[in-house]
Amino acid sequence: MSETTAREPVPVTVLTGYLGAGKTTLLNRILTENHGRKFAVVINEFGELGVDNDLVVDADEEVFEMNNGCICCTVRGDLIRILGGLMKRREKFDGIIVETTGLADPAPVAQTFFVDEDVKRATKLDAIVTVVDAKHLPARLADSSEAQEQIAFADIVVLNKMDLVTAEEAAEVERRIRAINPYAEIRRATKSDVPIEAVIGRDAFNLSRILEREPEFLSGEDDHEHDSEVNSVAFEVERPIDPERFNAWITQVLASKGQDLLRTKGVLYYENDSRRFAFQAVHMIADGDFIGEVKAGDPRRSKIVFIGRDLNRPWLRKGFEACQAGEDEARIQAEIARWTPPPG
Ligand SMILES: [Zn+2]
């Protein structure tokens with residue numbers, strides 16, 4: 001543990017950014033890099049089933065998972081309670097990282113560090129770090145007020161997925177970000193590979209700049225509502241997954257419903273494989289990787305979460321269940337056909 005004494009307020013980094021932008025990838029980098037600092041981590045996840053906790057590396061940090069609501073609105077009280085509990089073990093960490101959901105408005109989260117007296121005394125908001133998906137930002141700015149707010153309140157913008165855009169597209173996206181927030185520092189990245197010093201220990205949060213933009217900020221009042229059209233469905237299966245079937249099915253799902261699927265993420269256990277497979281997708285752009293061995297005694301339950309609009313729950317559930325190894329092919333196809341939504 002570094003020199004910070006127990007009396008000094010704990011620096012807090014709020015890690016935000018839209019669904020699939022690369023928040024958890026950045027968090028994993030911060031937790032695995034050798035910088036000698038220890039963090040307590042609060043992960044708020046959108047969706048009825050936690051997946052991010054499985055995706056966060058097995059660092060020996062304290063990780064609190066909250067997926068019973070959104071810390072920018074429905075469960076703000078829970079965040080205050082968790083922070084209060086953390087303060088009792090203040091000497092165990094150098095900083096706190098709060099990862100919001102991809103649909104969170106960072107303003108009410110930041111307000112938490114100014115309106116609650118105990119939290120205000122014991123912590124110091126170090127920076128709001130917003131991870132932005134360079135490829136999908138233009139679409140997001142068109143359909144999501146949250147994506148706008150996440151950029152507007154950022155002290156540091158990690159402009160991620162530079163590998164997916166051309167130089168012109170990148171310049172255009174930077175121009176759009178600047179138009180929303182002329183002050184934020186922009187760091188370009190691929191797979192969230194920014195230097196840790198760029199996002200941690202920056203003392204970058206600037207209250208007066210925030211008050212300029214939101215004079216009511218310190219009143220603690222906030223009445224924003226999330227886009228009710230965006231929902232999530234999640235499924236879990238007991239038996240190992242047949243990778244070929246899964247790839248065929250998920251390719252078909254993303255091809256036919258990708259427009260509505262803002263985010264897909266899953267942790268899968270393949271047949272005859274002792275590793276866990278992390279599947280990620282933003283609209284049709286999918287990615288996947290093995291993320292380490294299954295820990296002895298760990299349940300090998302594969303889970304998948306879809307976040308988006310107009311989600312056909314039975315069709316998606318039947319399709320995922322049919323990816324389990326040993327399923328009767330003919331019965332599967334009959335099931336899937338029965339639930340397949342009509343085209344268009
Ligand atoms: Zn919220």
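A residue counts as buried when its relative accessible area is under 20%. The model described here is predicted. Aspartate 105 has a relative accessibility of 6%, so this residue is classed as buried. Aspartate 105 sits in the loop that links β4 and α4. From there, its side chain reaches the backbone nitrogen of alanine 107 at 2.9 Å.

**Sheet**

Seven strands form an open sheet with parallel pairing, in the order β3-β2-β4-β1-β5-β6-β7. β3 (62-66) and β7 (185-188) are the edge strands, and each of them pairs on one side only. On average, neighbouring strands of the sheet are turned by 20° against each other, direction ignored.

Strands β1 (residues 10-16) and β5 (residues 123-133) run parallel and are joined by seven bridges. In one of these, valine 10 has threonine 123 of β5 as its bridge partner.

**Helices across the sheet**

| Helix | Lies across | Angle |
|---|---|---|
| α3 (residues 76-87) | β1, β2 (39-44), β3, β4 (95-99), β5 | about 165° to β3 |
| α4 (residues 106-115) | β1, β4, β5 | about 170° to β5 |

**Nonpolar cores**

In soluble globular proteins, nonpolar side chains tend to be buried together. The largest nonpolar core in this model has 47 residues. Leu86, Ile96, Val98, Phe113, Leu125, Leu159 and Ile177 have the most contacts inside this core. Helix α4 supplies the largest share of the core, five residues.

Leaving aside residues up to four places away in sequence, isoleucine 177 touches Val132, Leu137, Ile151, Val157, Leu159 and Ile186.

**Helix α11**

Phe320 is also one of the buried residues of helix α11 (residues 313-321), together with Trp315, Leu316 and Gly319. Why do these residues lie on the same side of α11? They cover an arc of only 125° around the axis, and therefore share one side of the helix. An α-helix has 3.6 residues a turn, so residues three or four places apart point the same way.

Tryptophan 315 has a further contact at the start of α11: a side-chain oxygen of asparagine 312 comes to within 3.0 Å of the tryptophan 315 backbone nitrogen.

Technical notes:
Residues are numbered from 1 along each chain as its sequence is written. This is a predicted model: local features need pLDDT of at least 70, side-chain atom pairs count only at pLDDT 80 or more; totals for chains, interfaces and linings use all residues. Side-chain values use heavy atoms; hydrogens and water are left out. Two strands pair if DSSP finds at least two bridges between them. Helices (H or I, at least four residues) and strands (E, at least two) are DSSP runs, numbered from the N terminus. Axes are lines fitted to C-alpha atoms, for helices over the stretch in contact, and angles run from 0 to 180 degrees between N-to-C directions. Contact means heavy atoms within 4.5 Å. Buried means under 20% relative accessible area, exposed over 50%, partly exposed in between (1.4 Å probe, protein chains only). The arc is that of the directions from the helix axis to the C-beta atoms. A polar contact is a pair of N or O atoms within 3.5 Å; within protein, one must be able to donate a hydrogen and the other to accept it, and residues adjacent in sequence count only if both atoms are side-chain atoms. A nonpolar core is a set of buried Ala, Val, Leu, Ile, Met, Phe, Trp, Tyr and Cys residues joined through side-chain atoms within 4.5 Å.
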